[in-house]
Amino acid sequence: MIEPFLEVRNARKNFGFTTVLDGVTLGVARGEFVSLLGPSGCGKTTLLRIIAGLTGADVGDVRLDKQDITRLPPHKRDVGVVFQNYALFPHLSVLENIAFGLKGRVAKDEANRIANRFLDLVHMRDFADRSVRALSGGQQQRVAVARALAVAPKLLLLDEPFSALDRKLRETMQIELKRLLRELGTTAIFVTHDQDEALVMSDRIAVMNQGRIEQLDTPQALYHGPATSFALQFVGLSTRIYGKVIGHQDGNIIQIETRHGLVRAPGSFANGSQVIIGVRPERISLGVHDGHNSITPQLTDIVFQGARVQVHFASTEDEPIILESSARLPASLAPGEAVSISWAPEDTLVFPRETPA
């Protein structure tokens, strides 16, 4: 097994009586881009700050490139940080901001040469002499990334750097940053609460919930094989239905009783188990198909999204039923009518339900 380039072991952090990190262990390979994904308050920013040395862990240690950096101050960790507000120096020009971290490390001419190289990499050479106060949000974000990378850190940490940008610019910056980091071979950890952002940018995603990592996996594995009901709910849209296991069929197929009828799924739950059924919306189709699970809920809304159409069906607030299709839907479909939908048993995910129905 390859030794992690960055390793966080058993990190615990309390603020007063509140546990923010509850024994987090994380390994990141050299050159890997890992996103910490989760809702507000799940501990992702605290974990990032512990790695940066801006917050001390109550328990646990941090190793970077085989060196224990747990007790090193931030400026000795060889870690670059891009904050949510960019933290640029308003009295300096764009070039001076990028060259700032090189002072004392290299001669001024060399610092300017390196700064200009990174201006080119982030497509900002024409803005070298401008005040950062004259830049747009997206341009400031580019300067902040260039400044962090100019000192060639072993590790780059990014704390929701795109949160203040509009959607189109945010999507552009995601692709540009991913390209830049791969070109430089930079190891990076990226904090976000935006699942689409994490899926687009990451080599692996750590889904965090209540101070713990619930699943650390590739975007594809996380989406198609969530390990917990929280991961299912937080990463991508999903149809979710409550049910109770009432029997077994050949192999590992279980029968689940729901308020919509009988559903079959792979699993090894005992009879009587309360479960949550999950199905990705693109796996569901209109009509009844042989060998598939089929239910007939009431259609409530059709949402046009350009290349895709979402069809929503009547459900409780925490039991959404959603079909998603790239095909043209029948014009006769209308809210209020009962519509048969179906999906394959093998496309059904099953998780234990913590609160009995």
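How many nonpolar, polar and charged residues does the lining of the largest pocket have, by class? Let's take a look.

## About the model

This is a predicted model, where local features need pLDDT of at least 70, side-chain atom pairs count only at pLDDT 80 or more, and totals for chains, interfaces and linings use all residues. Residues are numbered from 1 along each chain as its sequence is written, and side-chain values use heavy atoms, leaving out hydrogens and water.

## The largest pocket

The lining here has 15 nonpolar, three polar and three charged residues (Ala, Val, Leu, Ile, Met, Phe, Trp, Tyr, Cys and Pro count as nonpolar, Asp, Glu, Lys and Arg as charged, and the others, Gly among them, as polar). The volume of this pocket is about 590 Å³ (the space filled by probe spheres set on grid points, which are joined across faces, edges and corners). A pocket is an open set of points on a 1 Å grid over the protein atoms alone, where a 1.4 Å probe fits, with protein on both sides within 12 Å along at least five of seven lines; lining residues have an atom within 4 Å of a point.

Among the 21 lining residues, H75, V79, G80, V81 and V151 are the closest to the centre of the largest pocket. Strand 6 gives the most to this lining, with four residues (strands are DSSP runs of E, at least two residues, and helices runs of H or I, at least four, numbered from the N terminus).

## The second largest pocket

This pocket has a volume of about 500 Å³. Its lining has six nonpolar, five polar and nine charged residues. Helix 5 (167–184) and helix 6 (195–201) each supply at least two of the lining residues.
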